[in-house]
Amino acid sequence: MRTRFTALALALIVMILAVAPISAQDGGVTFTFGEFGNPVQLDAAIVTDGISFRTLTQGCETLVEFQGDTTIPGPALAQSWTTSEDGLSWTFKLVENATFHDGTPFNAEAVKWNFDRWRLTTHPQHFAEQVFEYYEAQFNGFDDASLITDVQATSEFEVTFTLSAPIGAFLNNLAMPMFSLASPAAVEANGAAYGTPEVGFSCTGPYKFVEWVSDDRVVLTRNESYWGTVSGNIDTIIFKIIPDNAARLAALQSGDIDAFERPNVEDVPTIEASEDLYIQLRPAFNVFYLAFNYRIKEFRDPRVRQAISLALNRQEIVDAFYVPGSVAANTMNPPSIGIGFNPDVQTPFDPELAKQLLADAGYPNGLSEVNVLALDADGNITDTVEETIPIRLYFMPVARPYNPDGEGIGSAMVNYLASAGINAELASAGDWSAYLDARRDGQLLGLYQLGWTGDNGDPDNFIGYFFASVDTPLAREGYYQNAEVAQMLQEARVSLDTAARDQIYKDVEAIMAAESARIYIAHGPVPLAFNNRVQGYVTNPLGTEFFKTVTITG
Amino acid sequence: MTSTTQAQPRLALTRRSERDVRLEQLRDFSRRLWRSPSAKLGGILAFATLLAAIFVPLLDKYDAIRDGSLPARYAPPDCIVAWLESQFSASPEKLSLNGLTCEYPFGADKNGRDIMRRVGHGMSVSLSVGIFVVIISLTIGTTIGLIAGFSGGWFESVSMRLMDVILAFPSLLLAIALVTVAGASLTNGMIAIAVTQIPTFARLTRSMAISIRNTEYVTAARSLGASGGKIMISHVLPNSLAPLIVQSTLLLGTAVIETAALGFLGLGQQPPWPELGKMLAESQPALASGKWWVMFFPGLTIILIVLGFNLLGDALRDALDPRLRGN
Amino acid sequence: MLLRLIPGDPAVAMLGERASPENVAAIRERLGLNKPLPEQYMIWVSGLLRGDLGNTVRGNIPIASELSNRFPATVELALVALTLAALLGVPIGILSAARRNSFIDTTSMFFALLGVSIPIFVLGLLLIYLFGVRFDILPFIGRLDDAIQLERRTGLHIIDSILTGNWPALQNSLTHLVLPTFTLFTVPLAIVARITRSAMLEVLNQDYIRTARAKGLSERPVIFSHALRNALLPIITIIGLQLGTLLSGAVLTETIYSWPGIGKWLFDSIIARDYTIVQSVTLLISLIYIIVNVTVDVLYAVVDPRIRVS
């Protein structure tokens, strides 16, 4: 009996190991991209996550798209456009030979249908249980609140938008992947199931949906009737879902995948040194910052804030924790932004001056405890001290391109602060969702790490996102309110004069830097790792990267 | 041969006073313990761990906040590397020990902190967590299991269903949920892990109690008028001891590793303070690029701690339980 | 329900850095999170009674179809790992007990101890580098190569490929199982082996075994028909316990090997605060647990007639 069992086991092992590997599938040239997670959904209008967008970008197209490695919108489904003097009316001429993947034609009516669907909560396909988050954010809300008040098909291939107020970043908004156009017939036929794994998407792009196996893979294949040109040679795209960072690198090394985004910072030199692999950097369009909670009485003194800023050695942090090519940040807007980057603002490292400033502010022996101010019934900060707590520095529990290691950087930060006489505790606020929740409620009482990644390339979606509104006491972050800055940013938002907008954003950066309103640490580029056989991948600061330009050799 | 060695002290019992019996048992126990090689190895490891855990924090005042310097990020273990190079280098001359600096004997971590110091301090944290978890879950679990298994009835159904509920949820996820609700700290982490381990003990004790409650000697004890509680303590508990010790020794390791997982998720020991499992988890990104020391030293320490207590636990069980005493 | 006490909600998890008070409030409204908790729960329960597990909070995808894809993946891995752990662990335990203090005993118990003290992610990554990259003989991503087509019957790839006579798929899914199984089963294997050994030792020192030996019975029947039968109780208990852990707690293994199962899904859903997924998966896990428990209780009665199923 025992021998029979052994023989069986041996036979099994031989069978497992000896059978030759199955030859590649007959889908032609395949490009396999390693993803760290499942897409949330494939209905572009309702998703907010990068994985869904990368998938959708290959199959779904917008009216205009960011050109190559820039944040400048250029023609896509719209060939050309004109705008009225007051900026309230935009007319787009559409391409005439595009069809959706389901065979229905692409025309002005289809564009109108998509915008109406997003804009009007009464539209039958504006599903009540889904969130059209980006439309609301970029166009100020739905229905009457929407800045787009009307969309008309003025001819079969011409569509006209009417706005209630000029939008400086209108074209940039239209180029965002969430505003890619879906087939009205497909959405109507599938209802709320559109975009789920069973159904997928139906758009106009160079690749169409084949299958989505949850937590395993999403497969797209070449759209033979694509209206545009495909300069690369890929026939099949596979997004292979590999959650573990180390396993993804191993998969690249073993040839199971051709590319993936965001290897560990530690692994970047290893990949660059490898003969078969290489790294390409997506320019940093983000910022990592340390925010003050202005309910802390001590933080309302600009000298204390400046002391904290002076105590941090940004360059050392960048050299240690970021990929080579990252830069220390002095301002919120990154250097790669089209307008509004102010190179004159500098934030030096000077722990001695920090101590001096602390002493001037009345803390000659350093600072270990701080006072939290009470809020009144409307949520405004009062002068009453509610409690005294240790200084806390909250670290982010997740890695982001702008912050590759929240805990490591946090440890380094409290170390620097200690050298300048500020004895901060490193604190956590639970996992990412809990952290964001506490931050939203203004409950991160101390200093806290956070960052921002721009969506559309415009400074209004960068520094303008945070400081243009002072409507609520908590505002966008930590009870910071500056009416002067808000006024300037609102002016820039509706201006169509690029030079004037540039100057306003530069001035705002200078004003906020002078009072150390917030501490900017770094701009982190995103590394992408490739197998040598992949050529022609173009990185874009906004992450809208098209696989149609990619060529696979060998 | 077994029967003869065992029969003699039992016969002698009646004639001696209880104190003598205990002394004799103790002597017997330690003699058996001393003879076992795994007890020796385990004992040495466990003793060394205990010593280090007690004395490192006493002798070395460690301020994690002020430790570290980014330029020293991932500094290799200087003297070990130099020694290895001298051993395997082509040149015949051996490296002189005078020129050797041992600034980072175990290397430095991602923040340029001395791994040797952090391993020392992390050990004492991990060990206290492990012991604490074992004590809590052993006490509560055994009590519940004994009462449930022996008395049966409503208490058994209610408590065992409760144990099922706890067991039905992955222990780590349950611990995460508990800690997120109660707040992230080492103490809450310990309690959460302990709670998730209670069912294992409860069920184990219960199954022992069930299999014993119908045996002849319990029936006999009962008919002689012994109360339930007395029977539990004098009969069921000693008989359950062996599997409980096995489970406890295994749990010590599990607790150290689960604390690590909690620490990894930012829910256990708060950074920058060290804890072994957390150090291990932190070393993950450095592994592929060949920075072995970041994982090796904390990893080895954990393995040695767990191994030590497991070996010792094994030997203790053998020595404690005469029925397990082989030839 | 416990999850609702945790700070953070799906709207916040969804919005990330852009989770400002205004945005979050608007989204909570749309997702129906502003309704009182009992009402939300009742909505879910009433759907459940109609056989509808509901949709995910993010993306509004039907949970039933997602679950039917992921659950078999976890079951397959857990069953294979448990079967191997039992098939190897019990004999090792018996052998160790029978040849007490021999070389086999010491070595296997040492490795059993080592098995429980190596963190899963270290072992997993080591195996990937060794067999997946360096020697490149075993796959380490997912359940099946993308090139292989397999008709779905039960969702268990081994069974499906045998049912449809698809031998390349069988071979491929078996190779995909090797590394995850090896990673996952070390701990249960160690525990089963140790418990078996100690249970056997305990029984082997009982009087009736000595009697059997004294009667001149040879060692093999003593061990297999007398001792093992009586040692089975704790062994079955511990194997039953392991199945629960394997089914639900394989989060790390599923992550490392990109295994599309429910453990990883549950973990992700907790992070994303997707309450409907968490509720459904928890329900499923509890059901399995009850089934395993009942099975163990029945086995108790089969093995030991002294115990009645109450």
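1. Ground rules first. This is a predicted model, so to speak: local features need pLDDT of at least 70, side-chain atom pairs count only at pLDDT 80 or more, and totals for chains, interfaces and linings use all residues. Residues are numbered from 1 along each chain as its sequence is written, with chains lettered from A and ligands numbered from 1 in the order in which they are written.

2. Strands count as paired if DSSP finds at least two bridges between them; the strands themselves are DSSP runs (E, at least two residues), helices are H or I runs of at least four, and both are numbered from the N terminus. Within this pair, Leu220(A) has Ile237(A) of β10(A) as its bridge partner.

3. That pair belongs to an open, mixed sheet of 7 strands, ordered β8-β9-β10-β1-β11-β21-β12 in chain A. At the edges sit β8 (207-213) and β12 (277-282) of chain A, each pairing on one side only. Helix α2 (50-59) of chain A lies across β1, β8, β9 and β10 of chain A, at about 145 degrees to β8(A). α7(A) lies across β1, β11, β12 and β21 of chain A, at about 160 degrees to β1(A). (Axes are lines fitted to C-alpha atoms, for helices over the stretch in contact; angles run from 0 to 180 degrees between N-to-C directions.)

4. There's also a 4-stranded open sheet, antiparallel, in the order β4-β5-β7-β6 of chain A. Here β5 (89-94) and β7 (158-163) of chain A pair over 5 bridges, and Lys93(A) stands opposite Glu158(A) in β7(A). Helix α3 (108-119) of chain A packs on the sheet, touching β5, β6 and β7 of chain A, at about 165 degrees to β6(A).

5. On domains: chain A is assigned domain 1 (2-239 + 529-552) and domain 2 (286-523), with bounds from an automatic or database assignment. Their C-alpha centres lie 35 Å apart. 14 residues of domain 1 are in contact with 15 of domain 2 in chain A, contact meaning C-beta atoms, placed from the backbone, within 7 Å.

6. Finally, the chain interface: 53 residues of chain A are in contact with 55 of chain C. On the chain A side, α13(A) gives the most, with 7 residues.

Definitions and conventions:
Two residues are in contact if their C-beta atoms, placed from the backbone, lie within 7 Å.
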